[in-house]
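Welcome! Let's take a friendly walk through one part of this model, with the sequence and the coordinates side by side.

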Amino acid sequence: MSTATKPNHIGHKIGRIRELRGLKQEGLAYELKVSQQTVSKIEQSETVDEELLDQIAKILGVTPEGIKNFSEDAVFNYFNNFNDNSVNHGPFNNNQCTFNPLDKLVELFEEHKKLYERLLQSEREKVELLKGKQDRP
């Protein structure tokens, strides 16, 4: 008895893409407005109705063809090549961070602090203006 997945088993492909997306069967069931048991049956089915496949594809953020042509090997090869510095990735070849993210976070915090101080000063000026109007007869 073979445990290998049939290459065109759409249900298994849906299940694997769902897992790679970090989505549980319950989440997919909620989006499809069906029970978790129904999703389990779909993932055990060798074929899936085209209309249902379209709905599932939209929820998973892929095309129906992407599900049909899904290959576990292709996914692993893609990520292995992505991390391989010998492969040319076009204009995005350098995937190393060129700045310190903590520095950027501190910069952003300082900008927000200055913005808050200006807003606070503006509110103080408004209060002073209103006090001045109340003092007049």
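In which helix is the place of R18? R18 sits in helix α1. Please keep in mind that this is a predicted model.

Is R18 buried or exposed? With a relative accessibility of 7%, R18 counts as buried, because the cut-off for that class is under 20%. The R18 side chain reaches the backbone oxygen of L23 at 2.8 Å. Leaving aside residues up to four places away in sequence, R18 touches L23, K24, Q25, L28, E43 and L60.

Now for the helices. Helix α2 packs with helix α3 at an angle of about 105°, and their axes are 8 Å apart. Angles of 65 to 115 degrees count as roughly perpendicular, so α2 is roughly perpendicular to α3. Here are the two sides of that contact:

| Helix | Residue range | Residues in the contact |
|---|---|---|
| α2 | residues 25-32 | Q25, E26, L28, A29 and L32 |
| α3 | residues 36-44 | Q36, V39, S40 and E43 |

By type, the residues of this contact divide into four nonpolar, three polar and two charged.

Which residues of α2 are buried? They are Q25, L28, A29 and L32. These residues cover an arc of only 100° around the axis, which means that they lie on the same side of α2. The cover over the buried residues of α2 includes α1 (10-20), α3 and α4 (50-60). Finally, α2 is followed by K33, which has a positive phi, near 60°.

How values were computed. Residues are numbered from 1 along each chain as its sequence is written. This is a predicted model: local features need pLDDT of at least 70, side-chain atom pairs count only at pLDDT 80 or more; totals for chains, interfaces and linings use all residues. Side-chain values use heavy atoms; hydrogens and water are left out. Axes are lines fitted to C-alpha atoms, for helices over the stretch in contact, and angles run from 0 to 180 degrees between N-to-C directions. Helices (H or I, at least four residues) and strands (E, at least two) are DSSP runs, numbered from the N terminus. Angles under 35 degrees count as roughly parallel, over 145 as roughly antiparallel, 65 to 115 as roughly perpendicular and the rest as oblique. Contact means heavy atoms within 4.5 Å. Ala, Val, Leu, Ile, Met, Phe, Trp, Tyr, Cys and Pro count as nonpolar, Asp, Glu, Lys and Arg as charged, and the others, Gly among them, as polar. Buried means under 20% relative accessible area, exposed over 50%, partly exposed in between (1.4 Å probe, protein chains only). The arc is that of the directions from the helix axis to the C-beta atoms. A polar contact is a pair of N or O atoms within 3.5 Å; within protein, one must be able to donate a hydrogen and the other to accept it, and residues adjacent in sequence count only if both atoms are side-chain atoms.
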